[in-house]
Amino acid sequence: MEKLPKCCGREMKMNMETVKFFEAQCDACGDIVYLKKDRTEKPQMLDD
């Protein structure tokens with residue numbers, strides 16, 4: 001997971017994740033930001 005930005009002196013929390021974006025929200029003020037993911041690759045199956 002990518003590093004989330006800080007707002008009001010705290011790290012924002014991730015609300016949701018899509019194929020191309022992350023949505024992060026500040027608990028203190030309620031601001032929401034959308035972060036574009038780095039270049040996305042084709043989904044891969046991970047082995048346990």
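## Strand pairing

Met16 stands opposite Glu23, a residue of strand 4, and in that strand Phe22 is the bridge partner of Glu17. The model is a predicted one, in which local features need pLDDT of at least 70 and side-chain atom pairs count only at pLDDT 80 or more, while totals for chains, interfaces and linings use all residues. Residues are numbered from 1 along each chain as its sequence is written, and side-chain values use heavy atoms, with hydrogens and water left out.

Strand 3 and strand 4 (residues 21-25) run antiparallel and are joined by 4 bridges, and a hairpin of 3 residues connects them. Strands here are DSSP runs of E, at least two residues long, numbered from the N terminus, and two strands pair if DSSP finds at least two bridges between them.

An open sheet is formed by 3 strands in the order 3-4-5, with antiparallel pairing. Because strand 3 (13-17) and strand 5 (32-36) each have a single partner strand, they stand at the edges, and one side of each is left without a neighbour in the sheet.

## The nonpolar core

The largest nonpolar core has 5 residues, Leu4, Cys7, Met12, Ala24 and Cys26; such a core is a set of buried Ala, Val, Leu, Ile, Met, Phe, Trp, Tyr and Cys residues joined through side-chain atoms within 4.5 Å, where buried means under 20% relative accessible area (1.4 Å probe, protein chains only). Beyond its neighbours within four places in sequence, Leu4 is in contact (heavy atoms within 4.5 Å) with residues including Met12, Ala24 and Leu35.

How values were computed. Buried means under 20% relative accessible area, exposed over 50%, partly exposed in between (1.4 Å probe, protein chains only).
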